[in-house]
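Colleague: Could you take me through how the labels on this model were reached? I'd like to see each value set beside its definition.

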Amino acid sequence: LVLIASSTKNISSDYEQAQLLIAVAPMLTGKEAAIQPFFDAVVTIKSDYEHSRVLSTLLKQGPPSRAVLVLIASSTRNISSDYEKAGVLKRVAAVYLDDPTLREIFFQTVASIGSDYERRGVLTALVKTKSQSEEVLRLLLDSAAGLSSDYEKATFLIQVSNVYTGD
C-alpha cells in the first residue's frame, strides 16, 4: 500500500493519479504507515478539482480519525480554487472535531479563501454542525470579521444568532 501511494507521484495525469488514490483510499483504514505517503502523493496533484475529489472521497468514507482530518485540512491549503477549497472544508466541518491542531489548520485554511461567498459558506457549515466551544465561536466571528462584503457578513451573523440564541 505504501509502495502504491508512493508510486502515484510518477503518474503525469492528474485524473489517473486521482483515480488510483481514490481506489486505494478505502484500504487506508488501520494502516497508519500508508497515510503519510498517501497524502504526499495527493499534494502532487496539480488539478484543484482532482485534489479536492481525492480529499472528499476520504471524507465520504465515514468519520476519519483526528490525524487524517488534520492531514485533509493541511492538504486543502494547497488547493488554489476557492470553490474547491470551500467544498472540502465544508465536508471537514461536517465531521469537525474540536482539536487544537485541527482548529488552527482549519481556520488558517479558511483565511486563505479569497471569495467572501465561499468563506461564509464554510463558516456557516461549521456553525450548523453543532454547538461549538467558545474558542471556535470566537474564531468563527474573527474569521467573519475578515469578510469585506457587508451582505456576506450580515448573512453569517444572522445565521450565528439563530443557532446561538440565548447564549
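Predicted model: local features only at pLDDT ≥ 70, side-chain atom pairs only at ≥ 80, totals over all residues.

Colleague: What makes α4 and α5 roughly antiparallel?

Modeller: Helix α4 (residues 48-60) packs against helix α5 (residues 66-76) at about 165 degrees, their axes being 11 Å apart. Angles over 145 degrees count as roughly antiparallel, and therefore α4 and α5 get that label. Their crossing is left-handed.

Colleague: Which residues make the contact?

Modeller: From α4 come His-51, Leu-55, Leu-58 and Leu-59, and from α5 come Leu-69, Ile-72, Ser-75 and Thr-76. By class, this α4 and α5 contact has 5 nonpolar, 3 polar and no charged residues.

Colleague: Why is α8 called roughly antiparallel to α9?

Modeller: Helix α8 (residues 116-129) and helix α9 (residues 134-145) cross at roughly 165 degrees, and their axes come within 10 Å. With the cut-off at over 145, that angle makes α8 roughly antiparallel to α9. This crossing, too, is left-handed. Arg-119, Leu-123, Leu-126 and Val-127 of α8 meet Val-136, Leu-140, Ser-143 and Ala-144 of α9. Arg counts as charged, and the contact of α8 with α9 has 1 charged residue, beside 6 nonpolar and 1 polar.

Colleague: How do you know which residues line the largest pocket?

Modeller: Lining residues have an atom within 4 Å of a pocket point. For the largest pocket there are 14, with Thr-29, Gln-61, Pro-64, Ser-65 and Val-68 nearest its centre. The lining divides into 8 nonpolar, 5 polar and 1 charged.

Technical notes. Residues numbered from 1 in each chain as written. Heavy atoms only, no water. 1 Å grid on protein atoms, 1.4 Å probe; cavity = no way out; pocket = protein on both sides within 12 Å on 5 of 7 lines; lining within 4 Å. Axes fitted to C-alpha atoms, helices over the stretch in contact; angles between N-to-C directions. Helix = DSSP H or I, 4+ residues; strand = E, 2+ residues; numbered from the N terminus. Parallel < 35°, antiparallel > 145°, perpendicular 65-115°, else oblique. Left-handed = near helix turned anticlockwise from the far one by under 90°. Contact = heavy atoms within 4.5 Å.
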